[in-house]
Amino acid sequence: MTARTPRLSRLRRLTPGRGEEGAGRSGRRRGATPKVVALGGGQGLSASLAALRRITGDLTAVVTVADDGGSSGRLREELGVLPPGDLRKALAALCGDDDWGQTWARVIQHRFQSEGDLHGHAVGNLLIVALWEQLGDPVQALDLVGRLLGAQGRVLPMSAVPLELQAMVRGHDPARPEDVYTVRGQATVALTPGEVLSVQVVPSAPPAVPEAVAAVLDADWVVLGPGSWFSSVIPHLLVPELLDALVETKARRVLSLNLAPQPGETEGFSPQRHLEVLARHAPKLALDVVLADEAAVPDRESLADAAKRFGAAVELAPVARQDGSPKHDPELLAAAYDRIFRMHGRIGPWR
């Protein structure tokens, strides 16, 4: 147990629904859907959310806040706000498939094309930042945007302060392939031609958003990944209170692997190497299931051995789009998650 455990205990007591008479695990009565928390950022988290909203009505996204590129980076630098881009993408992924949901998903994702200062800015980024300035509360503002969009879930930042990602990279300068450099900024880390050895965030030990910690503690299932490994997935493990919650939660934990290595950031990584890197950053983290696309795992035995170090079983399923692109198919991924929830979960109150 860590020094932060008493704070986690207080958050457990503050979590709605706990201790209700007749309630099942996590305080839900029979007939409720599972509470699922998905952590990540960017397109990987969006893919997971688009799948998960098809199988549960109780979904929370916890999003990294280290982006420093594009529209988000400009707004962050000019206004000192959290980078809104990954939060916007998560909200868009939670929009429904009806006309209202799809119209608003397109609107908030729309980027201005101009010769002026608005060029490249996404409508959703400006909307989110405007509400942050109006309300002075990032969580309240994101909840309000979610209601406007009819989002089928909640979106939370993992920390209430913008973070800088720093990485130790071997060979960041191709002319000096054996030298190790400190590389700063998520956008730079994601595109490095070198080998990322480890990452950290600045400020170190940033405060977690309490609602995000409470959601993890109260979840039935926590889903980590897919996404950019060093810049979207691992940063969640660098927020101490959030890591403590991930370690101590009674929820089952799924790690969803990428379909292919990411050019630059994880070039040449095998599926099992993704797990090895994760273990170096969070040695106390346990997992229940590692999900991978069956066509993306050339060495199933090595992946199974790597998963065993986390106490996890490996589930292989066809989750990729049929067009050959390294992107998840929402329907196939939803089917894989649903099967995992049914086969590996405790007998939950939703079944």
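**Reading a pocket and a sheet**

By class, 16 nonpolar, 17 polar and 7 charged residues make up the lining of the largest pocket, in what is a predicted model.

User: How much space lies in the largest pocket, and which residues are the closest to its centre?

Analyst: The space in the largest pocket comes to about 1,100 Å³. There are 40 residues that line this pocket, and the closest to its centre are G41, G42, Q43, G44 and S46.

User: Which elements give two or more residues to that lining, and which one gives the largest share?

Analyst: The elements that give two or more residues to the lining are α2 (42-52), α4 (85-93), α5 (99-109), α8 (186-190) and α10 (229-233). The largest share comes from α2, which supplies 6 residues of the lining.

User: Turning to the open sheet, what is the order of its strands, and which are the edge strands?

Analyst: As a general idea, strands of a sheet pair through backbone hydrogen bonds, in either a parallel or an antiparallel manner. Here the open sheet has 3 strands in the order β5-β4-β6, with antiparallel pairing. Its edge strands are β5 (180-184) and β6 (195-202), each of which pairs on one side only. On average, and with direction ignored, neighbouring strands of this sheet are turned by 20° against each other.

User: How many bridges join β4 to β6, and which residue in β6 is the bridge partner of A167?

Analyst: Strand β4 (residues 164-170) is joined to β6 by 7 bridges, and the two run antiparallel. The bridge partner of A167 is V199, which lies in β6.

Technical notes
Residues are numbered from 1 along each chain as its sequence is written. This is a predicted model: local features need pLDDT of at least 70, side-chain atom pairs count only at pLDDT 80 or more; totals for chains, interfaces and linings use all residues. Side-chain values use heavy atoms; hydrogens and water are left out. On a 1 Å grid over the protein atoms alone, a cavity is a set of points where a 1.4 Å probe fits but cannot get out, and a pocket is an open set with protein on both sides within 12 Å along at least five of seven lines; lining residues have an atom within 4 Å of a point. Grid points are joined across faces, edges and corners, and a volume is the space filled by probe spheres set on the points. Helices (H or I, at least four residues) and strands (E, at least two) are DSSP runs, numbered from the N terminus. Ala, Val, Leu, Ile, Met, Phe, Trp, Tyr, Cys and Pro count as nonpolar, Asp, Glu, Lys and Arg as charged, and the others, Gly among them, as polar. Two strands pair if DSSP finds at least two bridges between them. Axes are lines fitted to C-alpha atoms, for helices over the stretch in contact, and angles run from 0 to 180 degrees between N-to-C directions.
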